[in-house]
Protein chains: 2
Amino acid sequence: MMRARQPQQERSRATRDRLLYVTVEMLAAQGWSATTVAAVAEAAGVSRGAAQHHFPTREALITAVMEQMFDAMTSEASASATEFPVDHEARVAAVVDRAVAIYVGTDFKAALQVWSAAASDPGLRAVILPLEAKLARAAHRFTVTALDPDGEHPEAHRLAQVTLDLARGLGLADTLSDDSRRRRQVVATWTEQLAAALR
Amino acid sequence: MMRARQPQQERSRATRDRLLYVTVEMLAAQGWSATTVAAVAEAAGVSRGAAQHHFPTREALITAVMEQMFDAMTSEASASATEFPVDHEARVAAVVDRAVAIYVGTDFKAALQVWSAAASDPGLRAVILPLEAKLARAAHRFTVTALDPDGEHPEAHRLAQVTLDLARGLGLADTLSDDSRRRRQVVATWTEQLAAALR
């Protein structure tokens, strides 16, 4: 009996993961209005009934996507800081790159769609805000630890905030067109400032 | 004849301005989906026919709103830099505050709604991108001139970019909840960095 149930649970889990994956891609590429449970099910090659078994409402689907996305971003941001270079300049550059990577890419584009829908939807906002606060804390903790592993620079806390707000602004600038060339210059300028401030 | 026509033109102009004003408020408070020509007309106390005379389609309405908004932001950003304090620290603080003011507030919240809708709408994106590029140039020119009025610091160009990207990130952080307390600290930290870099 156990052996027969396991594969079914695995299939169910795989279907759920696939629906979540397709939802993120669809939010990023087609936007909030297009991303319904029915459209996601069709794009994922899953029957509408099976999709609704996992996510009875659009709110359930979006909530699950945001939880998964923020969990992934949080654990990425929480990853051990020991992997960073020992050399001061190289280390600061790697930390800034990691912070920017949180906000540039498909996940952020998808999150921005939910974020702007939440601006006029109190129910959705109540779901998003605690997840966002959790991510912000994890990203800040990671950035401070990586910038100042020996706790020698009290100003690292505030400089980490600047780094993350700048990264968020760069992410937003990249949503309508490829901003990577300009971004490289901005990142280099801030990295130089930050390395000097923490020397 | 001329005297009779003038008031009608003025009334028509006032109706148009009122529709644009209500559209910005509605985008910021109720989001993209809610902001239709019919809903705006009703909230503005204008007949649907009169609203459609000015804006036959939603795209026409949104385009006009974005043009007006970007024009206002561009001219504000282009305002004379002579009004800024002479004292170096005070001047840098005033410039950073002005840059942040571009991205924090109702106009930015409304623009963000259009921005995220444009992410999946090539027609809308084609309207937004040139306006956004024009604003970015004006904001950058203003920030560079205000930070470095005598053209003594070539690095002012890149530091102005960092300032504006940071301001954009702070604007985004303020869209779902009031972030003003945290923002004050981030702004103070960057202002200090920037003043030191340009001393």
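Helix 7 of chain B provides the largest share of the lining of the largest pocket, namely seven residues. Helices here are DSSP runs of H or I with at least four residues, strands are runs of E with at least two, and both are numbered from the N terminus. A pocket, on a 1 Å grid over the protein atoms alone, is an open set of points where a 1.4 Å probe fits, with protein on both sides within 12 Å along at least five of seven lines, and lining residues have an atom within 4 Å of a point.

Before I continue, a word on conventions. This is a predicted model, in which local features need pLDDT of at least 70 and side-chain atom pairs count only at pLDDT 80 or more, while totals for chains, interfaces and linings use all residues. Residues are numbered from 1 along each chain as its sequence is written, chains are lettered from A and ligands numbered from 1 in the order in which they are written, and side-chain values use heavy atoms, with hydrogens and water left out.

To return to the pocket: its volume is about 400 Å³, volume being the space filled by probe spheres set on grid points that are joined across faces, edges and corners. Helix 7 and helix 8 of chain B are the elements that give two or more residues to the lining. Of the 19 lining residues, those nearest the centre are Asp179(A), Arg182(A), Glu132(B), Ala136(B) and Arg168(B). By class, the lining has nine nonpolar, three polar and seven charged residues; Ala, Val, Leu, Ile, Met, Phe, Trp, Tyr, Cys and Pro count as nonpolar, Asp, Glu, Lys and Arg as charged, and the others, Gly among them, as polar.

Next, the interface. How many residues does each chain bring to the contact? Chain A and chain B each bring 38 residues, with contact meaning heavy atoms within 4.5 Å. The area buried between the two chains is about 3,300 Å², and carbon and sulfur atoms give 63% of it; this is the accessible area (1.4 Å probe) lost on putting the two parts together, summed over both. In chain B, the residues that lose the most area to chain A are Arg158(B), Leu172(B) and Leu176(B), together 21% of what that side buries.

Side chains of opposite charge can pair when their charged atoms come close. The rule finds four salt bridges across this interface, each requiring a side-chain nitrogen of Lys or Arg within 4 Å of a carboxyl oxygen of Asp or Glu. One salt bridge joins Asp165(B) to Arg182(A), with 2.8 Å between the closest N and O atoms. Another joins Asp165(A) and Arg182(B) at 2.7 Å, N to O. That pair crosses between chains, from helix 8 (residues 156–173) of chain A to helix 9 of chain B. Over all chains, the whole structure has 18 salt bridges.

Finally, the chain itself and one residue. Chain A has nine helices and zero strands, and its C-alpha atoms fill a box of roughly 60 × 40 × 30 Å along the principal axes. In chain B, Val127(B) is placed in helix 7. Val127(B) touches Glu59(B) and Thr63(B), not counting residues up to four places away in sequence. From Val127(B) to Gly49(B) the separation is 78 residues in sequence and 25 Å in space, C-alpha to C-alpha.
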